[in-house]
Amino acid sequence: MSASGTNPASSNVTRLAVARPDAAPAARAETATVAVDCQSITKTFGAGAVRALDGVSLAIRSNEFFTLLGPSGCGKTTLLRLIAGFEIQDAGTILLDGRPLDGLPPYRRPVNTVFQSYAVFPHLNVAENVAFGLEMKRRPRAEIDARVKEMLGLVKLEGLESRKPAQLSGGQQQRVALARALANKPRVLLLDEPLSALDLKLRTEMQLELKRLQHEVGITFVFVTHDQHEALTMSDRIAVMRAGHILQVGTPEEIYEHPSARFVADFIGETNLLDATRIGTARFRLASGVELETAEPGPPHSNVTLVIRPERALLAPIGGSALPARVEQVVYIGSDTIYLVVLEGGLRFRIREQNRDGPRSRARAGDAVGIVLPPAAIRVLAQ
C-alpha cells in the first residue's frame, strides 16, 4: 500500500480546521490533513465479555505528535494495535491518508511500531538492527548503508554501529528501536509506552528526544501512555480515554486548563475537586456552607464540581475573604512546596507554591492559615 500523497486516492483525505489559541479569530481557519481517521471503532474480547473500545471516532492529523492517554484498561493500546493491524476491529473503519486499512496485514500497512520492551535483536549489532527492515525489502546495499548512517545520526548513536544490544544502556537500546522503525520511512510511527521501562532521569531525557525526532522527521507519531507528564511534555494534542471512550481531545493547554469532565480534571495533573451547589449565576456553596464566586457560570446544573489547580490557590493571612484552614502537612519537593490543608467541614485541600527564592517556612503543620481562591482560578464542571 502506497503512502504517497500523489496517488489519486489521496483526494479522499479529510480536511479539518486547526484552531490556534494564540491566533486572531480570522486566522484560525488554517487546515490540516488527517493522517489516521478512526470511524466508530468497536472492539470486544472474550465473546463480547469485555468491550475495549465502544464506538470510538478520532482524527489524527498529519505530522503531529498525538498521544492516547488514560489509565490501564481504557482501550488506548487496543486502538494502537488496531491501527497497526495486530488486532481487527468488530465494527468501524480505520483510514490512513483517506484509504481504508481494513483487511491489510501489518506488514502491508505503512506504519511501524516501537514497543515498551524495545524488541531489538540481541544477535545483531546496532547497524544490523537498523538495517533489518530495509534488508527484508531487498533495498540496494548502498541505499541501506546510507539510510543506516542517517538514522544513527538522527538518534545520536554514531560510533556504536558494531555494538550488540547487551553492550548498550536501556536508553540506547530504545534509540536503536526508534532508528529501525524510522528507517523504513513509515507514514505513521506508533509508540506503545516505549519509555515506561526507563528510570526517571533517562525517561525525561527521552521525552525531549522523541519530540525532537518527531519534529525532524516530520511524520505522525501516535504515542500511548498512562503518564500524564509525558503526555503534557511531548504532545501536540492529547486524547484522554476511559473505559473504551474518548472523553476529550485537545492541546495540552486545553486539556489542563479547560477539562471537559471531572475525570479529565482529576487524571491530568494535581487537582482539587469540590462538590458544590449553585446559588447564583456564578456563585456556589460548598457542603460546609462556604460560598465561592467563579469567573464563569459553567454548565446549567444545580450540582456541580469546582476544579482548582493547587498552584492557583494562595496561602494568605487569616481574615478578610480568605477561607479559614489549618495546615496538616508540608511537603518540600525541591522546586515547589506542597501544603496539605484542611478547610472547615473537614475538606482536604492541596496548595502548591514555587520555591523561587529557595525553601520558605511560611506555614508549618498545625498552623492556622487563610486560603484565597481567585474566581478566575475555578473551573465549573457538571458532577
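The structure is a predicted model, in which local features need pLDDT of at least 70 and side-chain atom pairs count only at pLDDT 80 or more, while totals for chains, interfaces and linings use all residues. Residues are numbered from 1 along each chain as its sequence is written, and side-chain values use heavy atoms, with hydrogens and water left out.

Along the principal axes, the C-alpha atoms fill a box of roughly 80 × 50 × 45 Å. Of the 383 residues in the chain, 48% are buried, where buried means under 20% relative accessible area, exposed means over 50%, and partly exposed is in between (1.4 Å probe, protein chains only). Among the contacts in the chain with a separation of 6 or more, 64% are between residues 24 or more positions apart; a contact means heavy atoms within 4.5 Å.

Back to H2, which spans residues 126–136. At its start, a side-chain oxygen of Asn125 reaches to within 3.2 Å of the backbone nitrogen of Ala127. A pair of N or O atoms within 3.5 Å is called a polar contact; within protein, one atom must be able to donate a hydrogen and the other to accept it, and residues adjacent in sequence count only if both atoms are side-chain atoms. The buried residues of H2 are Val126, Asn129, Val130, Ala131, Gly133 and Leu134, and their cover includes helix H3 (141–154) and H4. As a reminder for reading such patterns, an α-helix has 3.6 residues a turn, so residues three or four places apart point the same way.

How does H2 sit against helix H4, residues 170–183, and at what angle do the two pack? The angle is about 25 degrees, with the axes 7 Å apart. Axes here are lines fitted to C-alpha atoms, for helices over the stretch in contact, and angles run from 0 to 180 degrees between N-to-C directions. H2 and H4 are therefore roughly parallel to each other, since angles under 35 degrees count as roughly parallel, over 145 as roughly antiparallel, 65 to 115 as roughly perpendicular and the rest as oblique. On the H2 side, Val126, Asn129, Val130, Phe132 and Leu134 meet Val176, Ala179, Arg180 and Ala183 of H4. By class, this contact has seven nonpolar, one polar and one charged residues. Here Ala, Val, Leu, Ile, Met, Phe, Trp, Tyr, Cys and Pro count as nonpolar, Asp, Glu, Lys and Arg as charged, and the others, Gly among them, as polar.

H4 also packs with helix H5 (residues 200–217), the axes coming within 11 Å and crossing at roughly 20 degrees. That makes H4 roughly parallel to H5, and this crossing is right-handed as well. H4 contributes Gly170, Gly171, Gln174, Arg175, Leu178 and Leu182, and H5 contributes Leu202, Met206, Glu209, Leu210, Leu213 and Val217. The classes here are seven nonpolar, three polar and two charged residues. Arg175 of H4 counts as buried, at 16% relative accessibility. Setting aside residues up to four places away in sequence, Arg175 touches Val155, Lys156, Leu157, Met206 and Glu209.

Now for the strands and their loops. Thr44, in strand S2 (residues 31–45), is buried with a relative accessible area of 19%. Beyond its neighbours within four places in sequence, Thr44 is in contact with Val50, Arg51, Ala52 and Asp90. Ala382 belongs to strand S21 (residues 378–382) and is partly exposed at 28% relative accessibility. Ala382 and Pro300 are 82 residues apart in sequence, yet their C-alpha atoms are 8.3 Å apart in space.

Two loop residues also have positive phi. Asn63, in the loop between strand S3 (50–61) and strand S4 (65–69), has a phi near 60 degrees and is partly exposed at 44% relative accessibility. Ala243, in the loop between strand S10 (237–242) and strand S11 (245–250), has a phi of about 50 degrees and counts as exposed at 54%.

How values were computed. Helix = DSSP H or I, 4+ residues; strand = E, 2+ residues; numbered from the N terminus. Left-handed = near helix turned anticlockwise from the far one by under 90°.
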